[in-house]
Amino acid sequence: MALETWVIKVKTALSHGFDAVKSGAPHPKLLGGKKRSVGVLAFEIAGLMSRLLHLWQSLSDKNVVRLRNESISLEGVHKIVSNDEAFLLGLACAEMVESLRYAARAIGVLGKRCEDPNLQDFEWFLGEFANTGRDSNHWSLSYKDMEILTKKMDRYVTATTTLHREIEELSVLESSLRKTLQLHEQQHDSSSLSLSLSLKEQKIIELQQKITLQKQEIKCVREKSLWNRSFDSATLTLARCIFTNLARIKLVFGLGNRYIIANPSSLPRSLSASATVHPTENPNHFISGPLRSPKQEDHRKNDTDDSSANAFFESYSKLLKPPPTTLGAAALALHYANLIIVMEKMIKSPQLVGADARDDLYAMLPSSVRSALRARLRGVGLCRAGDPALASEWRDALTRILGWLAPLAHNMIKWQSERSIEQQNTDLVQRTNVYLLQTLYFANTEKAEAAITELLVGLNYIWRFEREMTAKALFDCTNLGGLINNIPITYS
């Protein structure tokens, strides 16, 4: 009876105590004059910080040089995307601005929950800064101050990630305890042995102790994370980061305040020398030239600029729209990336490719590639597949094509995978500096399909060659076995 009473107490603690650990944020009536904490939104805010920190790292000296000397110089990019450096730099710049725009929308929503009226109008101030360079609130930081801020943000992201993991572990412990209690009740009803009940009781006590320790750990980690930060504090940190990132983008790509709105694709032929050689020479300013002095408080109502608050970002969104002749416009970039990776595996081990695998590969081909393949095979289909020299030439040709085409396919998969994770609001992931221009998204459809067709023709010949060599080896082995069997055995 005492045991049953004790179990009831444990269940009561489960129903009343554990949910309080997850909610964490105090009731508004208990806050008084204290600003509201972000609570469970800490995880989303940490994701935004992670995104902005990654963008800041992408704009570092090392990565800017890599963008100029490596990313836009890939052989595959020049072959089927573009060899126009200004156009490629424009795509990289547009993707960074679009990433800022994505973050800005989320920060704008957070700003509506702030008490600071300037943070409530965050999106307007960002548009003003993007279009005119005017920073009325001085949210754009110096390089030195930004480095301090990034370290602080990194600590927040790390602590909030740890908090998320600890809460998940608590949920597992809670679930395990509930199952144990249910199992205990079933055994108690069926009049199980007292020894079994004692073991169950011991397990329940152990789980309850673990849960108590886990709740204490969560409380400790929560103090270091974003959970208890106010909306004003968290949003101000994000605002400063996004303003400084935008200022850095303008410096790196040599953008003026109004010039880019009218003609976003007319970027300089190369990145600014100040950005690639001495980007931090003057750590107090990112944008050359003085910023305009702030207007009166009602400037938002009276401002009649020729550009709207979103003009800067809208201009770059248009630049990211793929031309009609590209795989991105045809919605085939990801499909072709998977197709190329499948062929890459087959070409590395053609002897392992069976008839079913070939049928599956053919089923992946769109009608345009099938037609081109049939036309090409008419010219080489009758040629003998047992020529080792020709097989070697095809292997070399396929290796060369895959050498520049496969990286674009792998980049496409990697780029899409990272964005899929972001769409699931699990932004706390390690990102890579893969730009959309390094993928198949902007690849010319005709050129890409020609390369894929050539891979298919070569793979067809290599596959036939390997099959004939295998058949010949089996035939020779069979004849050799028959010859050995026909040799008379003599005994001395």
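**Reading helix packing, ring pairs and burial**

F312 is buried, as is Y316, where buried stands for under 20% relative accessible area, exposed for over 50% and partly exposed for the range in between (1.4 Å probe, protein chains only). The model is predicted, with local features needing pLDDT of at least 70 and side-chain atom pairs pLDDT 80 or more, while totals for chains, interfaces and linings use all residues. Residues are numbered from 1 along each chain as its sequence is written, and side-chain values use heavy atoms, with hydrogens and water left out.

Me: How is a pair of aromatic rings described, and at what angle do the planes of F312 and Y316 lie?

Reply: A pair of aromatic rings is described by the distance of the centres and the angle of the planes. Rings of Phe, Tyr and Trp (its six-membered ring) pair if their centres lie within 6.5 Å, and planes under 30 degrees apart count as stacked, over 60 as edge-to-face and the rest as tilted. The ring centres of F312 and Y316 are 5.2 Å apart with the planes at 55 degrees, so this pair is tilted. Both residues lie in helix α15, four residues apart, which is about one turn of the helix; helices here are DSSP runs (H or I, at least four residues), numbered from the N terminus.

Me: How many aromatic pairs does this rule give, and which residues do ring pairs link into a cluster?

Reply: The count comes to 11 aromatic pairs. Among them, F122 and F243 form a tilted pair, 6.3 Å centre to centre with 55 degrees between the planes. This pair links distant parts of the chain, since F122 belongs to helix α8 (residues 122-132) and F243 to helix α11 (residues 231-252), 121 residues apart. Both F122 and F243 are buried. The cluster linked by ring pairs consists of F122, W124, F125, F129, W139 and F243.

Me: How do I read the packing of two helices, and at what angle do α6 and α15 pack?

Reply: Two packed helices are described by the angle between their axes and the distance between the axes. Helix α6 (residues 85-111) and helix α15 (residues 311-319) pack at about 130 degrees, with axes 9 Å apart; axes are lines fitted to C-alpha atoms over the stretch in contact, and angles run from 0 to 180 degrees between N-to-C directions. That makes α6 oblique to α15, because angles under 35 degrees count as roughly parallel, over 145 as roughly antiparallel, 65 to 115 as roughly perpendicular and the rest as oblique. In contact (heavy atoms within 4.5 Å), residues of α6 including L91, V97 and R101 meet residues of α15 including F312, F313 and Y316.
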